[in-house]
Amino acid sequence: MLKVDNINVYYGAIHALKGVSLTVNQGEIVSLIGANGAGKSTLLKTLSGLLKPKNGGIEFLGKSIAGQAAQSIVKQGLIHCPEGRRVFANMSVEENLELGAYLRNDKDIKTDLENVYERFPRLLERRKQQAGTLSGGEQQMLAIGRALMASPELLLLDEPSMGLAPLLVQEIFNIIQEINRTGTTVLLVEQNANQALKIAHRAYVLETGKIVLSGNAAELAASEEVKKAYLGA
Ligand code: ATP
């Protein structure tokens with residue numbers, strides 16, 4: 001579904017992604033783990049068109065999307081749920097969700113809104129409330145709900161568990177698995193490597209802009225190298 005081939009991304013003189021290649025197959029959860037500053041967010045931003053690779057290829061559903069504008073990539077079904085939630089604080093919960101469907105003009109928007117409310121009953125309870133007044137966990141659910149309103153084929157999630165209480169962290173990972181089970185492919189960026197490897201089919205480890213390990217998630221979780229560096233063993 002997604003094929004990234006040897007991309008290089010720079011911020012001015014800073015070489016943030018150094019020849020990164022990876023694939024995501026339809027139906028998978030693929031986790032990308034790595035320390036602060038490894039380049040995880042940079043990779044997601046490059047996939048969704050917020051940053052342009054200097055070179056290399058990005059193929060999504062059989063078409064090259066490298067260097068395309070973000071709105072064109074969204075229309076093709078690649079949806080980015082950004083780090084830090086980035087909800088529109090002064091708008092209501094429902095307005096935030098409706099904005100997720102901004103580029104759509106099909107007839108299923110209303111059904112999708114109902115589905116989001118069914119998945120996140122708290123959002124239904126608070127649909128008229130200003131998004132900025134929600135708790136951190138509720139804002140994360142809103143950010144995911146808004147991304148679902150764009151009808152993703154591939155959902156990019158950047159640090160969805162960041163800053164949440166342990167119970168909520170578990171809930172967010174359960175929700176990600178559920179979203180995947182109902183047909184959405186997921187590329188997940190996480191600092192919480194333990195949980196990210198638990199729910200993933202495959203995973204990649206990014207270190208200072210380079211993929212240094214990849215493979216089956218359970219195998220990676222069992223490897224001494226990953227245990228030592230990322231699982232606090
Ligand atoms: P984090 O979990 O902290 O977000 P990350 O793995 O997502 O880490 P990135 O945010 O992608 O890492 O950053 C990768 C590298 O690029 C870092 O060295 C960072 O300092 C640098 N970088 C990120 N954004 C910018 C920017 N806007 N301008 C210059 N350098 C940047």
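Here is a short walk around the ligand and the helix beside it in this predicted model.

Residues are numbered from 1 along each chain as its sequence is written. As the model is predicted, local features need pLDDT of at least 70 and side-chain atom pairs count only at pLDDT 80 or more, while totals for chains, interfaces and linings use all residues; side-chain values use heavy atoms, with hydrogens and water left out.

Start at the ligand. It has 14 residues around it, and N36, G37, K40, S41 and T42 are the closest (near means a heavy atom within 4 Å). By class, that shell splits into five nonpolar, six polar and three charged residues, with Gly counted as polar and Tyr as nonpolar.

Now for some polar contacts (pairs of N or O atoms within 3.5 Å). A polar side-chain atom of N36 sits 2.8 Å from a ligand oxygen, and the side chain of K40 has an N or O atom 2.9 Å from an oxygen of the ligand. Taken alone, the ligand exposes 630 Å², and the protein buries 62% of that (Shrake-Rupley areas, 1.4 Å probe).

Which elements each supply at least two shell residues? They are β2 (14–24) and α1 (40–47), named from DSSP runs (helices H or I, at least four residues; strands E, at least two; numbered from the N terminus). The top contributor is α1, with three residues.

That helix is also mostly covered: seven of the eight residues in α1 are buried (under 20% relative accessible area, 1.4 Å probe, protein chains only). Among them are K40, S41 and T42. Just past α1, G49 adopts a positive phi of about 90°.

Note on methods: Polar contact = N/O pair within 3.5 Å; in protein donor to acceptor, adjacent residues only side chain to side chain. Buried < 20%, exposed > 50% of the residue type's maximum accessible area, 1.4 Å probe, protein only.
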